[in-house]
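Hello,

Here is the model for you to look over. My notes follow below it.

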Amino acid sequence: MFESLLNALPVALQFESLISLFVGTLIGILIGALPGLNPVMAIALMLPLTYGFDPIIALGLVAGIYNGSMYGGSIPAILLNIPGTPAAIATTFDGYPMTRKGEGGLALKTACWSSAIGGIVSALALMTLAPMLAKVTLAFGPAEYFWVAVFGLVSIALLVGKDASKGMLCALLGVIIGLVGVDTISGAERFTFDTLYLVGGFELLVVLIGLYAVPPVLEMAEKRNESYFNAESFRVSPGGGALGLLRRHWRTWSRSSLIGVAVGILPGAGGNLAALLSYNEAKRKSSEPESFGTGNPVGIAAAESGNSADNAAAMIPSLTLGIPGNLIAALVLGALMIHGLQPGPQLFTRAPDVVFGFMWQMLLTAMLLLLLGGMVATRLFAQVLRMPSALLVPTTLVLMAVGVYTVNGNVMDLYVMLGFGLLGYLLNRLGFPLAPVVLGVLLGPMAEQNFRLTMLIAQNDWTVLFTRPISLGIVALLAAVLISQLLKTLRQRARSAAHSQQR
Amino acid sequence: MNYRDLFSGIAFLIIGASTVWMGKDFFADAAYVPIGAGALMGAFSLPLIWRGVKSILAARAMTDSTKASHTQAHRTQAHAIPALVDHPARFATTLGCCLVYYAAMPIVGFYTTSALFISLLAVLLGERRPAVVAGITLGFITLLYALFAVVLKRPLPVEFFFAT
Amino acid sequence: MKLTLLLTTATASALALTPALASDYPNRPIELIVPAPAGGGTDNVARMLNQYLEAELGQPVAVLNVAGGGGAIGVNQFSRARSDGYTLLSTWNSPITTVPHMQRVQYSYETLTPITSTSQSAYTLCVAPDFPAESGEEFLAELQANPGRYTYGNDGVGGTMRLAAERIFEAFDITARPIPFGGAGETLQNFLGGHVDIYGGSITPVLPYVEEGQAKCLLVTSADDNEALPQASGLAALGHPELETVLWRMMLGPEGMAEERAEAVADAVARAVEHPEFQAFLAAQGETLNLVRGEELRERLRLETQAIGETLESLGLKQQ
């Protein structure tokens, strides 16, 4: 296998491949940076243009757009609090506060390096461990998926901050929002109030842009003349070179990259889950968890390396098993089929140059991010913030409108986005955290569907949730996290009690 | 005095209760999660309501009594709570413009409506330099057109003067 | 105000003039709604065909994926589009003939304008190599002997795959437990991981595993046998050709689309499918060409809708 890997390197390094990587990465960053324009759409549009060429050129474009967009999504998340892609949601938590504090340049730089590192680790995992990790993918049935979702949901307890009941209420609100629409298991409609629009449920991107991006725009409109951003943010180049970043973040990077790869090999879980889990872990491990959410660069490092590490790993089940891990992987499979390459276990032996060449391309494009990412972000996008805010408000609103409209081509989505915007604004002002809402929307349906599938398969014997080895492993991990957190809280409480007694 | 906890608690209690009420009619296993989530939501809204009631009662008691130090503490706390809407006029203007924008877009066409929306809202929010408004609007719309119509060929609502 | 009035009149008169200008059609880009996610089987075939269709129509055709609700979301949205021929639908049969029995929808085979069908393929049922059956007959006998013991993964409640299987199971007096997954990929993952006993879904994803000996496909849901799966029996071989339920693809227009325009698109499709590259692609997917146009297509949709309605009713799956 390693021989084929080495043989494929020259394929990935040939001139046409490098050009397609370069162009792809550039397009990817731009696409990711514009909310609503997603990499799936871009790849679907670009692929037909490459059918006449060698498959490695098409795959180079895919690799570039894929990795580029994952970083690109962080740019508006940091500058405007708009998640450019759903996976960038956790990047807004600390990225936007940093921009408002005047540290936007550092935030973008951290995001760029973190994305690149995550992408590189993920590509290396794809190159060396793919067949082994594919076995893990198959071992995960509905019961295991259920526990992964529960693991994510329980970590809400760590995200909520001081007010646990408010956090739980928000998470439950998210779960209820996620329930709307046709239930995929029974085929019955739930909470659709007899409107056809609700039959399909709420589109994730519409909910996210509404909840996260509309409230800051409304606030900006209210404050138009007062300075909303620290204009000096991008003039001074952030201190501390790459080595400084490495010294500061290497723990976060390695932890988050591992989480990203682990989530990536599970088809259907996705980069947003990887980013949120990484963020939680970073916060939990931190010595100053209360600084998360107020502009701590570690939060960005965790989120961005987590979601980028999902990328190449998500290709593992699709290349080795023919089971697409996400929509982009599905498009790659489609492209391979159009070139006459049948996805599945034989792909590695029948077209080693294509498969291994693609793996190299995933690695190269992650490295290209370092070259292109910082340049594009700071030179181009950061200038947006210099616009007078009376113009920044309407242009941002147009950008969100076009982004939301192009998802489904439905005007109704725009009103729904505005509705969620008002909800987000209100929750913000009433002191409710928004992150648990998002987790609820994302993980609620995943937990529910997989729980019910497990029960269907096991004929309502709930003991299967605990008797399978992997399930048991996740449950044990979950218990360990909860107990350690509980002990930490108790210790803190005891300390502060002692403290007040002394006074 | 702070009624917010009380009112938001009651709002969540209502959402939770109606979720359970609607969920109980769902078929078998489709009902588990709606009922569970609704019930939990009701349960978690109770501490919030309790806290709201307590703070209101405490504030009442405070105004009756004359414990100066406590009143002081409470007053500073009351000041820390941000207003629900900072500037109602601009808030409403932005929302209103958005609604008109969304309503007009499918009829008038995407690019025309967007150009009008940007310039109008910019002026309403207090930008008074015509050259700046016109320049940025034009530049931005050209950029969008180049990206969506020329490069990506994404269908957006067609301009009324092109529709056949 | 006057200007608006003038413009409205101008637009209205332009609209009134359009039928006369039908020969111009198409003179601007066309939007093609695909009611399935990007990268799925329906999407792949639609995009592949699209390449050649663009050349034949002389205008770009932009694919818009509107997934969800077993395809109903996309078709609902499509049914509200203008019927000027600049919004078309590329779909498989399930959203038109099956889903309306299970969900409230805004369309039916009666309202949409039939243009042409394009290709079709069968579904297959596969089991692990150690399953105690080597042929379609033995497979059905094993299921008959063990009612309720085996689980089969399928594409979901509103999906044609489940219906195809249930029709066969009903005729052979079989009870197997359906497990609804999100699509063939998810079903395959759970089948290979041993989480369900039987794979039910389209042929293409499982083919490599048949070659590897990790799966044996014993049944196809078409009347005829399938060349790609020699071990599988067609329904005619089992004595029930009338139970055939296949997956087929078509292009439709919104209600009230002008006939000349529908004809123009159908002609373009007929020319586009002639490209050898497209035919090679279809063959690799295990699909065969199948062109039925206009009112004949509506009749095919009508018959299938009725047959499926009856099956659903006897299975107790019909929602309304």
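**The sheet in chain C**

In chain C, six strands form an open sheet with mixed pairing, in the order 2-1-3-10-4-11. Strands are DSSP runs (E, at least two residues) and helices likewise (H or I, at least four), numbered from the N terminus. Two strands pair if DSSP finds at least two bridges between them. Strand 2 (61–65) and strand 11 (288–289) of chain C each have a single partner strand, so they stand at the edges with one side lacking a neighbour in the sheet. Strand 1 (residues 30–34) and strand 3 (residues 87–92) of chain C run parallel, paired over three bridges. C:L32 stands opposite C:L88 of strand 3.

**How to read it**

This is a predicted model: local features need pLDDT of at least 70, side-chain atom pairs count only at pLDDT 80 or more, and totals for chains, interfaces and linings use all residues. Residues are numbered from 1 along each chain as its sequence is written, with chains lettered from A and ligands numbered from 1 in the order written.

**Chain A against chain C**

The contact takes 40 residues from chain A and 46 from chain C. Contact means C-beta atoms, placed from the backbone, within 7 Å. On the chain A side, helix 3 (39–46), helix 7 (104–139), helix 15 (327–338) and helix 20 (435–458) each supply at least two residues. Helix 15 of chain A gives the most, with seven residues.

**Chain B**

An unreviewed UniProt entry lists residues 32–50, 99–125 and 131–152 of chain B as "transmembrane region"; such annotations may be inferred rather than shown by experiment, and positions follow the numbering used here, with feature names shortened. Residues 32–50 of chain B are 100% helix, with end C-alpha atoms 28 Å apart. Residues 99–125 of chain B are 93% helix, with end C-alpha atoms 16 Å apart.

Best wishes

Technical notes
Two residues are in contact if their C-beta atoms, placed from the backbone, lie within 7 Å.
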